[in-house]
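Hi,

Here is the structure I promised to pass on to you.

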Amino acid sequence: MGQTAIRLITPTSGGLAAAGLTKRFGKTLAVDHLDFDVAPHQILALLGPNGAGKTTTLMCLAGLLRPDSGRITWQGVELGPTRGRQVALITETPEVYEMLTVWEHMVFVGRSCLLPAGWQDRAENLLQRMGMADQRDTMGEALSKGMRQRVLIAATLLAATPILLLDEPMIGLDPRGQHELRNLLVEVRDQGTTVIVSTHLLANVQSFCDRLLILNKGRAVAAGGLQELLDRYGHDTLEETFLEIVK
Amino acid sequence: MSARRLSALIWLDWKLFVNRIRSIRRNPRRLIPWLIFLIWLIPSFINRLVIGSNLGRGPALRTLAPLVGPLGDFVPGLAALALGFAIWRASDRPPAAFQSPADARFVIGAGLDSRAVFTWLSLRTARRLIVGFLLLLVLFQVLYLPWLGFNLLNALAFTVALATFGGIVFGARLLAFNLKRKVPWLPVGGFGWLTGIAGTGAAMAMLVEISGTATMPAPIERISAALPPGSWMLSAFHGDLAAELLLLVFAVGFTVVGIALAGDCYPELWETSSRVFAMRQALRSRGGMFGYLGARPADSRQNVRQGARERRARSSSGQRVPGGALIVFWTEWQSLKRGRGGVPLQLAVVAAAGVVGVLVGLAAAKGLAAGGIIAANVVLLLVVWSWALSVQLGRYLGNPLWWLSSSPLWSRLAVWTLARGLRFAVPLILFIEVAIAVFGRYEWVLAVAPWPPLLLCWLTQAIGLAGYAFLPARSDYRLALTVRMFAIYAIFVPLALAAIPGAVLRSPALLVALPTLLAATILVGLIAFATWRIEGNGLAFAQEERQ
């Protein structure tokens, strides 16, 4: 199979869609006319070797990098400068305020997003569900990576952000942490959130992602469900399929 | 703009401040490095005051005072140059104002209106300027201005004028960036260039005038002296309230208009801020400014994002590579060569040292005390720089290749400290040699002069190594730096004592030989200490450093 870019956008998309997304850093073409879409209630796995453009794509979607060209839409409407209300990005090193407690992170989200009255109860419930109720008064500096991720996910859910992006979320988590995160993402997905996860851990992908998008040198080179890809390339495992696609 | 959203941001700053205080109260050990620092600072403060009051009557100041006076004439030109540069830079890059990645992520993630965010960032900048310049006021008033015959009011006028100029620069950057985003065809960068050129011209005109090289036509002289905002600053320095008010009006005006023009700019704001985070991280983890200059981002994506050069270099053939412990020289040389700035940067430093050496030599030959002051400050600068160099051996100690070497650890550590010391020693030695040669006396010193600075630089690095062996740490800003500074002070005491016999007996040979011998002994002792601590325990050190 060649390395031709493939078009994955569906014109009637109701979810998150990127069309012709391109980003250069000097002479390096990090993302090259990328087209894809993800529906609500879906988890999309963004796969690819190092330097494939996964992180750049996520940064563009989150509005932290300005694409050189292309459109990013949510429910058919182009995302603008206030896209923070729609998109939340949790990076490989989840950043929290070291000098704010877990609860104060929720307060900040509640106040800055001007959430309607009653958000405090929702925040309490979210922390409970994330298993963070005991850590309510723990400062950010004392939280492990897994806990930081949970705080950020809780904050995202509190802000009711419909799109959640995670960059290499499994790196640095122990098996229990990975298991918990997988369950959490499935739960978030079931509640209607659109989730995009970039990862290198192929074994993890199989257990919770609905669709896969494989990037290589900034271009989309394969996309579809897991079984669909296995059938298309005639392999038994995702690893073999992946290696053939990106070779 | 929503006042409620802005209030959330102000609440955030307040909470961060309160929690920091609480955290210190819960764990007062966080203050220990600061206490140690204060214990060091207070005596040197008093010492400085004593020296200062003596200097006020001494010949050095009488030489310096006439030099300081004409500097005021350069203010209009230099201020315009700084402003022009800031406007040019800001035309495609906003001021980096987020303090942490969490700051950027949460604030951008909250989808706040960019005007609210810029207002908040401006308030932060104002707070930083006020606090910074209050400290400057103390410093000026206590340490410097009394020498030059200034009183508290002069010092206040001086610092307030500087602070408001800082506000003008910030406001102008904000305005330039947002204006460019709003009206892309507007040549904002070009305007910055013009301002900078006007400033440079004014400064050059003043230089020509003051040096007596030529007489400037009256209109040029008038324009050079009246160039705002520097001319307002000069008036404000002299206590002109109207000029101070004018500066303030422009600082606030630029900022307010800049905020009003703010639009979709989060990606640029994030990009500039993340560059600052990366630099700050590199400064903390890779050993000071020189470490940063030599550092390369470990993450290839970050590398691409920052537009760094391609990470390729011609491999060495391996034919002229020294063997044994000396190979550490080679690895350090490769790092230096391939680091940011590379050999041209080092050559520029060496050339600058040579030029300063000529100036000092000439000044000394003419009997000007200013030469001595410049020389002392150059040496001090180098020593302070070498203090700021943190030691991180983790990349060696955590590397199995390091432990495959057949050379004993002490020899590799000795070579490593020498290689690092040479970065400072080479320009320092050149500076001293040139200064002596130009001075035209004591030529016999030329042969001896290189050795004490070389030993001094080597010793400083060995102190850093011993400090690391005592307290391996990734961040060197606080405790490790303080420990090293103390160690340097402690070691200089016996060195000074060793110089006494030579001074008493008026024997230059003894004056150099005894301290040199003692320094060499201490150097050997420090390397032996570090070897004893690290030998057989290297991976633990690398691990400790990472944590």
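A word on secondary structure before anything else: helices (H or I, at least four residues) and strands (E, at least two) are DSSP runs, numbered from the N terminus. This is a predicted model, in which local features need pLDDT of at least 70 and side-chain atom pairs count only at pLDDT 80 or more, while totals for chains, interfaces and linings use all residues. Residues are numbered from 1 along each chain as its sequence is written, chains are lettered from A and ligands numbered from 1 in the order in which they are written, and side-chain values use heavy atoms, with hydrogens and water left out.

**The two chains**

Chain A has 8 helices and 10 strands. Of its 247 residues, 58% count as buried (buried means under 20% relative accessible area, exposed over 50%, partly exposed in between, with a 1.4 Å probe and protein chains only). For contacts in chain A with a separation of 6 or more, residues 24 or more positions apart account for 70%; contact here means heavy atoms within 4.5 Å.

Chain B comes to 25 helices and 0 strands. Buried residues make up 40% of the 547 residues in this chain. Among the contacts in chain B with a separation of 6 or more, 77% are between residues 24 or more positions apart.

**Where the chains meet**

The contact takes 32 residues from chain A and 38 residues from chain B. On the chain A side, A:Arg66, A:Tyr97 and A:Met99 lose the most area to chain B, together 20% of what that side buries. Between them the two chains bury about 3,500 Å², 61% of it on carbon and sulfur atoms; buried area is the accessible area (1.4 Å probe) that two parts lose on being put together, summed over both.

The rule finds 2 salt bridges across the interface of chain A and chain B, where a salt bridge is a side-chain nitrogen of Lys or Arg within 4 Å of a carboxyl oxygen of Asp or Glu. A salt bridge joins the side chains of A:Arg66 and B:Glu268, at 2.6 Å from N to O.

Which helices of chain A each supply at least two residues of the side that touches chain B? They are α1 (54-62) and α2 (102-112). The largest share of that side, 7 residues, comes from α2(A). By class, the side of chain A that touches chain B has 16 nonpolar, 9 polar and 7 charged residues (Ala, Val, Leu, Ile, Met, Phe, Trp, Tyr, Cys and Pro count as nonpolar, Asp, Glu, Lys and Arg as charged, and the others, Gly among them, as polar).

**Inside chain B**

B:Asp13 is found in helix α1 (residues 3-26) of chain B and is buried, with a relative accessible area of 15%. Leaving aside neighbours within four places in sequence, B:Asp13 is in contact with B:Trp120, B:Arg124 and B:Arg127. With B:Arg124 there is a side-chain to side-chain polar contact of 2.7 Å.

B:Gly196 belongs to helix α8 (residues 188-211) of chain B and counts as buried at 9% relative accessibility. The C-alpha atoms of B:Gly196 and B:Leu78 are separated by 8.6 Å, with the two residues 118 apart along the chain.

**Backbone points to check by eye**

A cis peptide bond joins B:Pro228 and B:Pro229, with omega about 0°. B:Pro229 sits in the loop between α9 (218-226) and α10 (230-237) of chain B.

In chain A, A:His33 has a positive phi of about 45° although it is not a glycine, and its place is in strand β2 (residues 28-38). A:Ala160, also not a glycine, has a positive phi near 55°. This alanine, A:Ala160, lies in the loop between α4 (145-158) and β7 (163-167) of chain A and is exposed, with a relative accessible area of 53%.

Best wishes

Key: A polar contact is a pair of N or O atoms within 3.5 Å; within protein, one must be able to donate a hydrogen and the other to accept it, and residues adjacent in sequence count only if both atoms are side-chain atoms.
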